[in-house]
Every structure is written in C-alpha cells, then in structure tokens.
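Morning, everyone. I'll take a few minutes on one model. Here it is on the screen.

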Amino acid sequence: MSKRTVEYEVSRTPELGMDFRPRSGPVLPTELEEPDFRSENMLINIGPQHPATHGVLRLVLELDGETVVRCIPHIGYLHSSFEKLGEYRDWNQIVPLTDRMDYLAPLIYNCAFVMAVEKMMGVEVTERCKVVRVICMELDRIFSHLLWLGTWAIDVGAFTPFLYAFQERERVYQLHDQYVGARITTSATRVGGMLADLPEGWTDGVREFANTLPRTLDEVDTLLTNNGIHAGRTQGVGVISGEDAINSGFSGPNLRASGVPYDVRKDRPYYDYETYDFEVPIGEHGDCYDRYLVRMEEMRQSCHLLHQALDRLPEGPINVDDPRVVLPSKTDCMNDMESMIHHFKLVMEGVKSPPGESYFPVEGSKGELGMYVVSDGGSKPVRWRVRPPSFVNLSVIPKLVEGGLLADVIVVNASLDIVLGEIDR
Amino acid sequence: MSGDARETGAVGDVAHPSVVAVQERFGDAVLRQEVVAGDEHIVYVDPPRVLEILKWLKEDLDHLYDYLSDVTAVDYGGGRPIQVVYQLFSITHRRALRVKAELPLSGLEIDSVVPLWDAANWLEREVYDMFGVVFRGHPDLRRILMPERYAEGHPLRKDFPLRGRFSRAEQTRRALSQEPEDYYIPEEFDTGREPQIVHWQESGGGVESATDPRRGGGPVGGEESRAERAGDTRGNEDAREDEPDRHDVPRQTDQDR
C-alpha cells in the first residue's frame with residue numbers, strides 16, 4: 001500500500017500447509033451407518049482466574065464437540081475506574097494512574113498521557129525531552145513484547161523462550177530502576193518534562209541492551225520460527241482479513257499482521273518519528289503465526305530506533321522553561337520569595353490548563369493508544385479518556401475463535417497480547 | 001467546551017477538507033465546527049442524523065474514514081448535554097476527524113454505529129455502561145465493565161459521587177449477596193436484551209435499606225437478599241415512567257465514610 005513499509009518475508013513450512021487440522025473423525029467400521037453423536041452443546045467457562053487468560057478475563061464458550069460455536073468474553077473484574085479517579089486529581093497526579101493500567105509498558109502510558117496534556121496546553125517540550133521520551137517508549141515496547149513472547153511460547157507449549165525473555169526483561173527492569181527508582185510503576189513523566197534528567201551511565205546501559213537483545217532474539221528465532229510444532233500450532237489459526245481487521249478496530253501488531261501498514265508512528269507522526277529510519281513489518285495471512293513474526297521484527301526495529309535516538313540525544317535542559325508547568329529550582333525556592341510562592345502554588349493548586357481538549361494517539365506496544373483529555377480551565381480534567389488498544393483488540397476474539405477448536409482459543413488469546421489492567425481500567 | 005467554543009472558519013488553520021465537505025453536503029445537520037489544540041477539527045452534528053453522516057464519511061471516496069479509533073462521551077456536569085464523541089481516522093488519506101453529537105440529559109438516545117464499524121460494539125457498550133447513553137440498534141447493549149446487576153447508576157456521570165451512591169455497608173451487603181451461579185447459566189447467551197437503565201433514586205429497596213439504620217449493617221443471607229433483589233428490579237420497572245427529571249434530585253444516600 002505504501003512505499004514506506006516493506007513486506008516482511010514470511011517463512012512458512014510448506015509441508016504443514018495452512019490448514020493443519022485433524023480432518024477425520026473417529027474410526028468406525030465402514031459398513032455401519034455413522035451413529036448420531038450430536039447432542040446438546042456444552043457450555044464451558046474459562047477464567048476469570050486462569051493462567052492462560054493473562055489476567056482476569058472470563059470466556060464463556062459454547063462447544064459442539066471440540067468446536068467453538070460461540071464465545072462470550074466477560075471483562076470488568078479488574079475495574080478500578082481510573083478515568084473517574086482522574087477527574088478528582090490534577091494533571092500531574094494522574095501520571096501514576098497511567099502506569100498502573102498497562103504495567104507491561106508503563107513508560108509508554110506515562111509519556112502518552114503527558115503528551116496529550118501538553119498538546120492541549122500548547123506546551124512544546126525541549127528537544128532533549130523528546131528524544132528521551134522516544135527512548136523510553138521504544139524501550140518499553142521491547143519490554144512489553146518480551147513478556148508477550150514468553151507467555152506466548154508457554155501457551156503454545158514451549159518453555160525455554162519464557163526464560164530467555166524474562167532474563168532480558170530483568171535488564172529493562174533494572175534500567176527503569178536506575179532512572180526512576182521503581183521497576184514497574186515508573187511515573188516517569190511530568191507535564192513539561194520528565195521527573196529528572198537521565199542518570200549518568202544510563203544511556204550506556206540502554207545501548208548495551210540494544211546491542212545484545214538481537215542475539216537473544218536470534219536464539220528464540222531458532223527455537224520457534226522454523227519449529228514445525230510451533231508453526232503447525234499457529235499457522236492458519238485465528239485468521240482475520242485486513243478489511244475485517246480495520247473494521248473491527250484492530251491496531252498495532254495485530255492489525256499489521258493482517259497486511260495493513262497502519263502504524264501511528266508513521267501515519268500520524270509525533271516526536272520526529274518521521275525522521276527516524278525504521279521499517280514497519282507487516283504480515284500477509286493475518287493469523288497467529290504472522291502476529292508472532294510481526295512482533296519479533298518490531299523488537300529488532302525498536303533496537304534500531306534506540307540506537308538512532310541515543311546517537312541524536314542532544315544536551316540541554318530536559319524540562320521546558322515555562323513557569324506555568326515546571327517547578328522552580330530548589331535553590332531559587334530557598335533564596336527568593338517569588339519562587340517560593342510559585343512553588344507553593346504549583347504544588348498546592350496543580351498545573352492549570354486552559355479550556356480545551358486534545359486526542360493524542362501514540363503507537364503503544366499493544367496498538368493505537370489514544371489519550372483524550374478535556375479541560376474546562378481548572379487544574380483537574382473534566383474528562384480523561386484512554387482509548388484502550390487491548391480493549392478493542394479483545395473485542396474481536398469471538399470472531400477469531402468461533403468455528404475453531406477449543407485448544408486454539410488459548411493460542412488466539414495469547415497472540416492478541418492483551419493486558420487486563422488496561423482493558424478494565 | 002460548550003460555553004466558550006470558538007466558532008471557527010476564521011481560525012488561522014488550513015481548512016479541513018472533510019469539514020468543508022460535510023458542511024456543504026449536510027448543511028443544517030452540521031451545527032458548528034471547532035478547532036482545538038492547534039490542528040484537531042471537531043464537527044458538531046445533529047444527533048438524529050449522526051449515523052447518516054458517519055456512513056457518508058466512511059464510504060465517500062474523498063474521505064474514507066474507515067478506521068473508528070474511539071467512541072466515548074463527555075459529561076460537563078451542571079445539567080449540560082452529554083457529548084458523544086467519535087474519533088475517526090482515514091488510513092488512506094491519513095486524516096483525522098472528531099465528530100460530536102450533543103444529547104440532552106432528558107433524551108440520552110442515539111443511533112448505534114455498529115452497522116458501520118464492528119469496533120463500535122464494545123466501545124458503545126462502555127459508553128452505555130459509564131454514561132447511560134442508549135444506542136438504538138446495538139446488537140448487544142449490556143453493561144461491560146460494571147456487573148450486570150449494578151444498581152448505582154452510571155459511574156462517569158458528573159452527578160455520580162466518587163465512592164458510589166450507596167453506603168459502604170450497603171455496597172458490602174450487595175457484594176456478599178451475589179450468587180456466583182447466576183453468572184454461569186445459559187442465559188449468558190441471551191444477548192440483545194433490553195438495556196438496563198437505572199433511575200437510581202427510585203430503585204427503592206437499595207437506597208432505602210442504605211438509609212435504614214436497622215439494615216445498613218452486615219451482610220444478609222442468600223434467600224432474603226435474593227428476594228429483595230427481585231423486589232429492587234420490579235421497583236425499577238414500575239418507577240421508570242414517572243419522575244421525568246431525575247438528574248437534579250440531590251443524593252439521598254448516607255455516605256458513612
């Protein structure tokens with residue numbers, strides 16, 4: 001569809017074919033008429049507490065033998081009404097809520113939220129801050145995909161990649177820890193900048209990570225990509241066409257696996273993503289195997305992006321020089337009265353936003369993550385809405401599993417890469 | 001934004017081709033337009049014609065808004081209308097457009113866009129659950145995040161207190177009297193039911209038992225609370241017609257914080 005993207009060569013194992021399904025029924029004497037085994041459909045319930053549902057998702061399945069006739073997902077078990085809570089907090093206080101939504105890629109959520117608020121307020125962050133946020137977001141894209149890789153491998157029956165993936169994730173945890181002092185609940189951003197400048201040596205750690213991750217990915221590649229069991233388990237399972245995928249609101253790697261090259265970083269660029277050199281991998285069959293390939297390639301592209309961002313990381317202040325949003329320095333506060341008053345007002349009243357609204361989509365690890373903020377001029381939002389990528393991706397699951405086998409439900413669910421914290425919010 | 005909406009056309013941005021086209025084609029149905037945050041274009045449309053306008057925007061070759069990013073709603077409080085917000089994106093033309101329809105609190109009904117986009121299915125269910133907006137023609141309009149029998153109303157409305165309408169004791173009582181089996185029955189598959197609209201101060205049993213000091217306390221056993229719950233629902237049905245203006249009534253529940 002577009003010149004910017006390259007068709008990712010999908011290596012397929014031809015001997016397995018697209019349709020690796022048992023065709024024959026039970027072996028019966030041929031001269032006898034096949035007895036009618038059909039009876040009532042069975043109703044089974046998976047979850048909400050089940051390791052393969054990746055959280056508190058409940059699926060009610062109506063089965064005819066092993067074939068899924070209907071699938072009804074139930075969500076809301078983790079509902080904590082973050083959006084309502086946000087209406088009672090000022091803009092900076094919402095940041096900690098955002099990383100509790102998707103605890104698998106907290107920095108992306110932190111960044112996306114403040115980017116929406118800054119756009120609404122008309123605050124332009126510094127060049128250094130932009131690049132730092134790009135580094136944070138790409139780092140957490142890998143962070144989230146690694147967790148998906150591990151759980152995906154377990155769900156299709158391979159244990160080793162899980163250990164490899166979590167070994168790599170541990171290094172990202174440590175990078176989080178070095179920068180913000182927390183491993184998961186990062187809360188790294190503030191309106192107008194970051195909570196602090198990068199600590200010394202942190203960029204070297206990121207570079208080291210980006211250098212060595214591809215080696216691990218290669219190892220996982222040899223374990224899974226051309227593995228006959230893995231391919232047979234996932235090829236032709238949970239297929240959705242590009243057109244249906246767009247209509248269903250699919251986004252992120254799931255949409256691209258169906259051959260639609262829609263990537264928010266390319267199509268609605270923010271933070272100079274148009275000046276970075278990276279490719280958007282797309283699949284062609286829209287099945288679970290293609291979703292796997294797309295995510296694997298995305299991790300490599302993110303490593304590539306990390307290198308570019310680290311190379312261009314400019315010197316200079318990380319916080320914008322705008323007294324409306326940024327606290328004065330501690331030295332100023334201790335030395336002159338105006339700064340002290342300013343500090344007090346910003347902390348006690350919160351950052352004030354002019355009336356307005358903004359919808360800011362970013363490419364999250366799961367898909368299009370949109371933050372919609374509405375202000376009426378106060379320091380608290382009138383409405384803070386998260387366009388949840390996993391929520392919309394999960395809503396397609398009945399379409400993907402109905403008509404398939406019960407065992408494929410787990411594979412399809414794993415291939416969608418959902419996180420219930422964000423679905424239920 | 002209803003108060004200080006910038007009536008535009010005059011804002012110094014490049015005119016959005018779809019905004020111009022939709023105004024030309026639908027004339028009166030486009031109530032006003034607005035540019036926010038520099039480059040985000042909003043079109044306010046007449047609620048009864050929203051389906052028609054969105055269908056045209058989706059299918060017209062010059063616009064092709066084939067990707068529905070989001071459906072949500074905004075309640076500004078103070079009796080102002082609730083806005084239903086559609087975030088559209090055209091993958092072909094790489095253009096975004098926001099369409100809004102303002103619904104008065106007395107008539108929270110709008111056509112569903114599920115016939116156009118499957119993506120709207122859960123998004124509209126969420127708007128219904130959180131704001132009580134009824135989407136006509138939705139195939140399966142049920143609550144999605146809150147429990148099916150949640151009786152306190154629609155949480156993201158401004159008249160909904162942060163900690164809920166019932167007292168903590170009442171909330172605990174209800175939580176403990178839930179019957180897990182109720183949620184594992186074949187009626188799961190009865191989709192397309194009548195939406196449950198909660199007129200909260202009329203849901204007699206719940207509020208009364210919350211204000212009643214004799215019963216506010218601990219959990220109540222299974223049978224009794226089941227009967228009570230059935231009573232609640234009936235009370236709901238009966239009271240649905242009268243009491244037209246339910247939004248200005250002050251809260252009657254005691255909040256034992």
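**Sheet, core and contact**

Let's start with a pair of strands. In chain B, strand β4, residues 82-90, pairs with strand β5, residues 95-103. The sense is antiparallel, and there are nine bridges. Take one of them: V85(B) has K100(B) in β5(B) as its bridge partner.

Before going on, a reminder: this is a predicted model.

Now the whole sheet. It is open, has five strands, and runs β1-β2-β5-β4-β3 in chain B. Pairing is mixed. Which strands are at the edges? β1 (30-36) and β3 (67-75) of chain B, each pairing on one side only. From one strand to the next, the twist averages 20°.

There is a helix on this sheet too. Helix α1 of chain B, residues 17-26, lies across β1, β2 (40-45) and β5 of chain B. Its direction is at about 170° to β1(B).

Next, the core. The largest nonpolar core holds 160 residues. Which of them touch the most other members? A112(A), L139(A) and V133(B). Helix α4 of chain A, residues 127-155, supplies the largest share of this core, with 16 residues. As for A112(A), leaving out residues up to four places away in sequence, it touches F360(A), V362(A), G364(A), L369(A) and M371(A).

Last, the contact between the chains. Chain A puts in 42 residues and chain B 33 residues. On the side of chain A that touches chain B, strand β8, residues 356-363, gives the most: five residues. That side of chain A divides into 17 nonpolar, 11 polar and 14 charged residues.

Note on methods: Residues numbered from 1 in each chain as written. Chains lettered and ligands numbered in written order. Predicted model: local features only at pLDDT ≥ 70, side-chain atom pairs only at ≥ 80, totals over all residues. Core = buried A, V, L, I, M, F, W, Y, C linked by C-beta atoms within 7 Å. Buried ≥ 20, exposed ≤ 12 C-beta atoms within 10 Å, placed from the backbone. Helix = DSSP H or I, 4+ residues; strand = E, 2+ residues; numbered from the N terminus. Contact = placed C-beta atoms within 7 Å. Pairing = 2+ DSSP bridges. Axes fitted to C-alpha atoms, helices over the stretch in contact; angles between N-to-C directions. Nonpolar A, V, L, I, M, F, W, Y, C, P; charged D, E, K, R; others polar.
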